[in-house]
Amino acid sequence: MVDYNRKIGFIGAGKMGSALMQGIIKAEIVKPENLGASDVYEPFLNDLKAKLGINISTDNSVIVKASDILILAVKPQTLGSVLENLKAYITSDKLIISIAAGVPLATYENALPAGTRVIRVMPNIAATVSEAASGIAPGKYATSEDMKTALEIFSAVGTAVQEPESLMDVVTGLSGSGPAFIFPVIEAMADGAVLEGMDRKSALTLSAQTVLGAAKMMLETGMHPGELKDMVTSPAGTTIQGVHALEEAGVRAAFMNAVIRATERSKELGKK
Ligand SMILES: NC(=O)C1=CN([C@@H]2O[C@H](COP(=O)(O)OP(=O)(O)OC[C@H]3O[C@@H](n4cnc5c(N)ncnc54)[C@H](OP(=O)(O)O)[C@@H]3O)[C@@H](O)[C@H]2O)C=CC1
Ligand SMILES: O=C(O)[C@@H]1CCC=N1
């Protein structure tokens, strides 16, 4: 288990940083007083302090100095200047975890003091409700104990798997970005029901629960999605009509392309 008394600090307390902090507090893997966050935007910090009881600062170095594990949750475009400003405070006892899309481990290892233990993670926004899907890749100097720590933190907010760094851009395109591909599916299915006369609230509830149930069924039964689809499609029934409409619209190619395009963008971000 992660030492309950370890201090975890977040640099960047925006959408993903705060999602992870909420998940971590809910999972009770650290005490709120051992969690800290810094950000340039003070109102975010004040909200988090009021809601979660964590330590806050607008000075990144305060959080770095107070933390054993540092989670970098700023935009990839801001990361260069953040690393430059923080390198003087990164001592060899600290583990650095970055969730920035695209940025390779070598960027941190080159920017920070020689031998810094770095782990690259790509979580997703569902950490807020303890259902994140995270891929985790170790840097050159990260130990197996460090990987255990990272897997424990990210497993506490959902499902976490180790991946080679070469696949981290794909993790970003699939599960990092994925929630944004599924929310419009839920909304559009509900739109169809609204068009047919259902009220919006019921339509969204039934649509979201349908996606949740389908995903849960796949994960819990271990069955192939094609086989599960066949269980729903009665010959000459209703479902096969809907499946035909989706195939006519090229929905599979559209979703494949969404993952491919997001992956390519992650690769591009890493080259900057
Ligand atoms: N959103 C998501 O679903 C996911 C995001 N990620 C990754 O997480 C990281 C953060 O993304 P996200 O939370 O969406 O972005 P946000 O913009 O919501 O959060 C980043 C936060 O960092 C603040 N910030 C900017 N500069 C600094 C600085 N120098 N020091 C401290 N804080 C600073 C920003 O303030 P300000 O806005 O005022 O600039 C903002 O509040 C990114 O690298 C992204 O790739 C990974 C997985 C999923
Ligand atoms: O859109 C982005 O760049 C970030 C990374 C994965 C999810 N959001």
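Analyst: A residue is called buried if 20 or more other C-beta atoms, placed from the backbone, lie within 10 Å of its own, exposed if 12 or fewer do, and partly exposed in between. The model is predicted, and local features need pLDDT of at least 70, side-chain atom pairs count only at pLDDT 80 or more, and totals for chains, interfaces and linings use all residues. Residues are numbered from 1 along each chain as its sequence is written, while chains are lettered from A and ligands numbered from 1 in the order in which they are written.

User: What makes Asn60 buried, and what does Asn60 contact?

Analyst: Asn60 has 23 C-beta neighbours inside 10 Å, so the buried label applies to Asn60 as well. Asn60 lies in helix α3 (residues 60–66), and beyond four places in sequence its contacts are Ile11, Ser38, Val82, Asn85 and Leu86. An unreviewed UniProt entry lists Asn60 under "binding site", although such annotations may be inferred rather than shown by experiment.

User: How do you know that β4 pairs with β1, and what is the sense of that pairing?

Analyst: Two strands pair if DSSP finds at least two bridges between them; strand β1 (residues 8–11) and β4 have four bridges, in the parallel sense. Within this pairing, Gly9 has Leu70 of β4 as its bridge partner. Leu70 also stands opposite Ile96 in β5, and β4 and β5 pair in the parallel sense over four bridges.

User: Which residues make up the two faces of β4, and are those faces covered or open?

Analyst: In a regular strand the side chains alternate between the two faces of the sheet. In strand β4 (residues 69–72), Ile69 and Ile71 are on one side and Leu70 and Leu72 on the other, and all are buried, so that both faces are covered.

User: Which residues come nearest to ligand 1, and how is its shell classified?

Analyst: Of the 27 residues around ligand 1 (C-beta atom, placed from the backbone, within 6 Å), Gly12, Gly14, Met16, Ala100 and Ala101 come nearest. The shell divides into 16 nonpolar, eight polar and three charged residues, where Ala, Val, Leu, Ile, Met, Phe, Trp, Tyr, Cys and Pro count as nonpolar, Asp, Glu, Lys and Arg as charged, and the others, Gly among them, as polar. Helices α1 (15–27) and α4 each supply at least two residues of this shell.

User: Which residues surround ligand 2, and how many of them are charged?

Analyst: Ala101, Thr172, Gly176 and Ser177 surround ligand 2, and by class this shell has one nonpolar, three polar and no charged residues.

Technical notes:
Two residues are in contact if their C-beta atoms, placed from the backbone, lie within 7 Å.
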